[in-house]
Amino acid sequence: MDAEQTSALYGKGETAWNEWALAVLKRKAELETSGCWLADWFGEGQNQETVEWLADARADFSGDVFTADVSFQNFVFPGLALFDGAQFRGRAQFTGSRFAHTARFQNARFDADAVFKQA
């Protein structure tokens, strides 16, 4: 997903987010079972199906500014989770979050507590 789609889905809450995430993970399992999943050592897609899945599975919060407390508690991130340059001005809750792929927080700023317990 692009940044706009990511924000819109996040705004619908944990249930909608996790329904999307689990459907995306199911698609990946189907690609793997059918032999259509092809990624290199760096996790980059090597065929159209894998490239499309990686794009669909990405959550992009890069540069977002969270002005109040924010909760990603129990969220499932099926693909790349980008928080590069994000600013968390309130508490950031990631307890119980599941990152099935890489999570990047390069240059992210946490002004209050960030909790990743059992993530």
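**Aromatic pairs and a buried aspartate**

K28 lies over the face of W37, 4.8 Å from the ring centre. This placement comes from a predicted model, as do the features described below.

Aromatic rings also pair with one another. The count reaches 30 aromatic pairs. One of them joins W17 and F75.

A second pair is formed by F72 and F83. Here the geometry is edge-to-face, with 5.4 Å from centre to centre and 85° between the planes. F72 lies in the loop between β3 and β4. F83 lies in the loop between β5 (81–82) and β6 (87–88). The pair therefore ties together parts that are 11 residues apart in sequence. F72 counts as buried because its relative accessibility is 0%. For F83 the value is 0%, and F83 counts as buried.

W20 is another residue of helix α2. Its relative accessible area is 17%. W20 is therefore buried, since the cut-off for burial is under 20%. Beyond its neighbours within four places in sequence, W20 is in contact with M1, L9, D56, A57 and P78. R104 is 84 residues from W20 along the chain. The C-alpha atoms of W20 and R104 are separated by 20 Å.

A charged residue is buried as well. D60 is located in strand β1 (residues 59–60). D60 is buried, yet it has no salt bridge. The nearest side chain of opposite charge belongs to R58, 4.8 Å away. A salt bridge requires the atoms to be within 4 Å. The side chain of D60 does have a polar partner: a contact of 2.8 Å joins it to the side chain of S62. Setting aside residues up to four places away in sequence, D60 touches M1, D2, A3, T6 and L82.

Definitions and conventions. Residues are numbered from 1 along each chain as its sequence is written. This is a predicted model: local features need pLDDT of at least 70, side-chain atom pairs count only at pLDDT 80 or more; totals for chains, interfaces and linings use all residues. Side-chain values use heavy atoms; hydrogens and water are left out. Rings of Phe, Tyr and Trp (its six-membered ring) pair if their centres lie within 6.5 Å; planes under 30 degrees apart count as stacked, over 60 as edge-to-face and the rest as tilted. Helices (H or I, at least four residues) and strands (E, at least two) are DSSP runs, numbered from the N terminus. Buried means under 20% relative accessible area, exposed over 50%, partly exposed in between (1.4 Å probe, protein chains only). A charge sits over a ring if NZ of Lys or CZ of Arg is within 6 Å of the ring centre and within 35 degrees of the ring normal. Lys and Arg count as positive and Asp and Glu as negative; His and the chain ends are not counted. A polar contact is a pair of N or O atoms within 3.5 Å; within protein, one must be able to donate a hydrogen and the other to accept it, and residues adjacent in sequence count only if both atoms are side-chain atoms. Contact means heavy atoms within 4.5 Å.
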